[in-house]
Amino acid sequence: MAAAGLTTSFLAPAIAGVFLLLLTLTSLPTPSVAARAFFVFGDSLVDNGNNNYLATTARADQPPYGIDTPSHRATGRFSNGKNVPDIVSEYIGSESTLPYLSPELQGERLLIGANFASAGVGILNDTGIQFANIIRITKQLHYFEQYQQRLSSVVGPDAAGQLVNEALVLITLGGNDFVNNYYLVPFSLRSRQFSLPDYVRYLISEYKKVLMRLYELGSRRVMVTGVGPLGCVPAELALRSRNGQCDPELDRVADMYNPQLIAMLGDLNAQVGADVFVAVNAYKMNMDFITNPQAFGFVTSKIACCGQGPYNGIGLCTLLSNLCPNRDIYAFWDAFHPSERANRIIVSQFMTGSEEYMSPMNLSSILAMDART
C-alpha cells in the first residue's frame, strides 16, 4: 500500500503539470504556420547576419554588438539588439528571418522566409567594393531564385509559388550608393562620371530593374525604403560637421532621390496594375527623432552610443570603443545605425503611419486588406 500511495502522490502533480502545460500551450499564439512569409533584401540596416559567413570587413559579429539581445552576444545585426526586420516579424506574428547563408535555414524553417541582406551593398554592383566579399543585390536576387527551388522541394512548386506571392518583402538600398560610393573621400569614380542629379537618375533607373526582377520572381507586397537623413548620422557629423548640424550636401541627396523613388514606384504600380510597391519614407521616420530627440525619450540624436572620436562617429564599434550604459536613451547605436529603441519607433510608423510615412498604405492596412482576400 505504501508503494501504491507513493506512486499516486507522484502521479497527481505530474498529471496536473501536464494539464497546466496543455493549457499554457493552447493559450499561446499559433506559431508561424499562420503567419505570412517575410523576405528581406538590402544592406546593413536590415542584414540579420549573412556577412558573418563571408570574408568581409563589413561585419557585426563581435561585441558589443548584440549587447541587449537575450544572449548578450553579437548576432551579425548592426544593432545593440533587434533591427527593423526583427521588429516587423514581431508585428506579423512570425519568428525573425534567418540569414540565407545560415546552415539552420532548411526544412520547415524555409516557410518563415529568409533574409538575403548584406552589409555594405548598394543598388550598384560597384558600391561597397572596399568591403570585398559581400552579397551584391544581383546575387541576393539569385539566392532568392535558389531559395524558391529549395522551398519547392519541401512543399511542392504550387505551394512554394503561393507562399512567395503572399509573402511580405522589405528592400532597403541606396544609402551606401552615396556614402560608400559617390561621396567616398577624397573623390570617387562615380562622382567624376556623374553630377549628383544625373547620378540620382541613374540610380533610380537601375533600382527599377531590381524591383521589376523582384516582381518577376513572384513578389507582390514590397516595401521599398527611401534614403534616410545621411548627413545627420554620427559618422557624417564627425567627418563633415563643424557645429553639430546635419551636412547640407548629403541632405541634398534625400531631397533629390526620395521624390524620384516615389514617382518610380508609382510608375511600376501602374505598369503591373496593382499596389505592389509601397514607398517607405525612412527620411521622415528618422528625422522625427533626430530633430526632437527629447520628445521620444532620447538624450541625444547626434552622439552614437558606441564609437570613438567626435560624436562617437569615427571608426568601428568594438570593445575598445566608448560605450553608453543605457542604449534606450541614444537614437544611434553606432556611427551609422539606429539603436533598437529607435528601430521600434521607425517600425511603429511602418504599421500605422499616414501616407506621409507609407504610401499608398501602411503595413496595418496591407495586413488587413490581405486578410480579406
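Visitor: Where does Val-154 lie?

Guide: Helices (H or I, at least four residues) and strands (E, at least two) are DSSP runs, numbered from the N terminus. Val-154 belongs to helix H3. Keep in mind that this is a predicted model: local features need pLDDT of at least 70, side-chain atom pairs count only at pLDDT 80 or more, and totals for chains, interfaces and linings use all residues. Residues are numbered from 1 along each chain as its sequence is written, and side-chain values use heavy atoms, leaving out hydrogens and water.

Visitor: Which residues make the nonpolar surface patch?

Guide: Patch members have over 30% relative accessible area and no salt bridge; like charges are joined within 9 Å, nonpolar side chains (Val, Leu, Ile, Met, Phe, Trp, Tyr) within 5 Å. Areas come from the Shrake-Rupley method with a 1.4 Å probe, and for residues only the protein chains shown count as cover. Here Leu-111, Val-154 and Val-155 form a patch of about 190 Å².

Visitor: What does helix H3 pack on?

Guide: Start with the sheet. Two strands pair if DSSP finds at least two bridges between them. In this model six strands make an open sheet, ordered E2-E1-E3-E4-E5-E8, with mixed pairing. Strand E2 (113-115) and strand E8 (358-359) are the edges, each pairing on one side only. Helix H3 (residues 137-155) packs on this sheet and touches strand E1 (38-42), E2 and E3. Contact means heavy atoms within 4.5 Å. The direction of H3 makes about 160° with that of E1. Such axes are lines fitted to C-alpha atoms, for helices over the stretch in contact, with angles from 0 to 180 degrees between N-to-C directions.

Visitor: How many bridges join strand E3 to strand E4?

Guide: Four bridges link E3 (residues 168-172) and E4 (residues 222-225), and these strands run parallel. Leu-170 sits opposite Met-223 of E4.

Visitor: Do E4 and E5 pair in the parallel or the antiparallel sense?

Guide: E4 and E5 are parallel, with four bridges. Thr-225 has Val-280 of E5 as its bridge partner. E5 and E8 are antiparallel, with two bridges. There Val-280 faces Met-358 of E8. Strand E5 (residues 277-280) is covered on both faces: Phe-277 and Ala-279 are buried on one side, Val-278 and Val-280 on the other.

Visitor: How many salt bridges does the count come to?

Guide: Side chains of opposite charge can pair when their charged atoms come close. The rule asks for a side-chain nitrogen of Lys or Arg within 4 Å of a carboxyl oxygen of Asp or Glu. The count comes to 20 salt bridges. One of them joins Arg-36 and Asp-370 (2.9 Å, N to O). Arg-36 is in the loop between helix H1 (2-27) and E1, and Asp-370 is in helix H12 (residues 363-372), so the pair ties together parts 334 residues apart in sequence. Both Arg-36 and Asp-370 are buried.

Visitor: How many residues apart are Glu-236 and Arg-240 in helix H8?

Guide: Glu-236 and Arg-240 are four residues apart, about one turn of H8 (residues 234-240). Their side chains form a salt bridge (3.0 Å, N to O). Glu-236 is buried, at 5% relative accessibility. Arg-240 is partly exposed, at 27%.

Visitor: Which residues are linked in a network of salt bridges?

Guide: Lys-82, Glu-90, Glu-340 and Arg-344 form that network. Within it, Glu-90 meets Lys-82 (2.6 Å, N to O). Glu-90 is partly exposed at 36%, and Lys-82 is partly exposed at 30%.

Visitor: Which residues does Gln-349 touch?

Guide: Gln-349 sits in helix H11 (residues 340-352). Not counting residues up to four places away in sequence, Gln-349 touches Met-285, Asp-288, Tyr-357 and Met-358.

Visitor: Is the peptide bond from Pro-63 to Pro-64 cis or trans?

Guide: Omega tells you. For Pro-63 to Pro-64 omega is near 10°, and the bond is cis. Pro-64 lies in the loop between E1 and helix H2 (84-91). Ser-359 and Pro-360 are also joined by a cis bond, with omega about 10°. Pro-360 is in the loop between E8 and H12.

Visitor: What is the phi of His-72?

Guide: Phi is near 60° in His-72, a positive value in a residue other than glycine. His-72 is in the loop between E1 and H2 and is exposed, at 55%. Ala-132 also has a positive phi, near 65°. Ala-132 lies in the loop between E2 and H3 and is partly exposed, at 48%.

Note on methods:
Buried < 20%, exposed > 50% of the residue type's maximum accessible area, 1.4 Å probe, protein only.
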